[in-house]
Amino acid sequence: MLVNGVDKKYNTANEIITYIAGILIIIPLAPFLCRFIPPVMLGGLNIDLLISVIISLLIIRMVIWLIRPMVLPALILVI
């Protein structure tokens, strides 16, 4: 890995694009997963949406870990 400014800019842009994509994917994924989780009550609180948000966060973190090196080159190819 190079230590010059170009490599640092590439890593920063790659991380920013990856995190924005992850946040945009969590927004529709959590309610979709909530549809398949049975209602979970804790006291008088319905926590099935919280469980689906946690599951979607884990899924997104795993996908980000696998795809992060390819985000910026794929974006450049698409544009």
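Buried, for this talk, means under 20% relative accessible area, exposed means over 50%, and partly exposed is in between, with a 1.4 Å probe and protein chains only. Take I59 as a case: it is partly exposed, with a relative accessible area of 33%.

Some ground rules. This is a predicted model, where local features need pLDDT of at least 70 and side-chain atom pairs count only at pLDDT 80 or more, while totals for chains, interfaces and linings use all residues. Residues are numbered from 1 along each chain as its sequence is written, and side-chain values use heavy atoms, with hydrogens and water left out.

Now the layout. The protein has three helices and two strands. Helices here are DSSP runs of H or I with at least four residues, strands are runs of E with at least two, and both are numbered from the N terminus. Starting at the N terminus, the order is α-β-β-α-α.

Next, the totals. The protein has 79 residues, and 23% of them count as buried. Its accessible surface is about 6200 Å², with 79% of that belonging to carbon and sulfur atoms. Areas come from the Shrake-Rupley method with a 1.4 Å probe, and for residues only the protein chains shown count as cover. On to contacts, meaning heavy atoms within 4.5 Å. Take the contacts between residues at least 6 apart in sequence: 56% of them join residues at least 24 apart.

Let's walk along helix 2. I59 lies in this helix, which covers residues 48-67.

S56 first. Is S56 buried or exposed? It is buried, at a relative accessible area of 0%. A polar atom of its side chain lies 2.8 Å from the backbone oxygen of V53. Setting aside neighbours within four places in sequence, S56 contacts I26, L29, A30 and L33.

Now back to I59. Leaving out neighbours within four places in sequence, which residues is I59 in contact with? L29 and L33. I59 and I26 are 33 residues apart in sequence, and their C-alpha atoms are 9.1 Å apart in space.

Then I60. This one is buried, with a relative accessible area of 7%. Not counting residues up to four places away in sequence, I60 touches G22, I25, I26 and L29. From I60 to L29 is 31 residues in sequence and 9.4 Å in space, C-alpha to C-alpha.

Last item: aromatics. How many aromatic pairs does a search of the whole structure find? One. The ring centres of F32 and F36 are 5.2 Å apart and the planes stand at 75°, so this pair is edge-to-face. For the cut-offs: rings of Phe, Tyr and Trp (its six-membered ring) pair if their centres lie within 6.5 Å, with planes under 30 degrees apart counting as stacked, over 60 as edge-to-face and the rest as tilted. F32 is partly exposed, with a relative accessible area of 44%. F36 is exposed, at 57%.

Terms used
A polar contact is a pair of N or O atoms within 3.5 Å; within protein, one must be able to donate a hydrogen and the other to accept it, and residues adjacent in sequence count only if both atoms are side-chain atoms.
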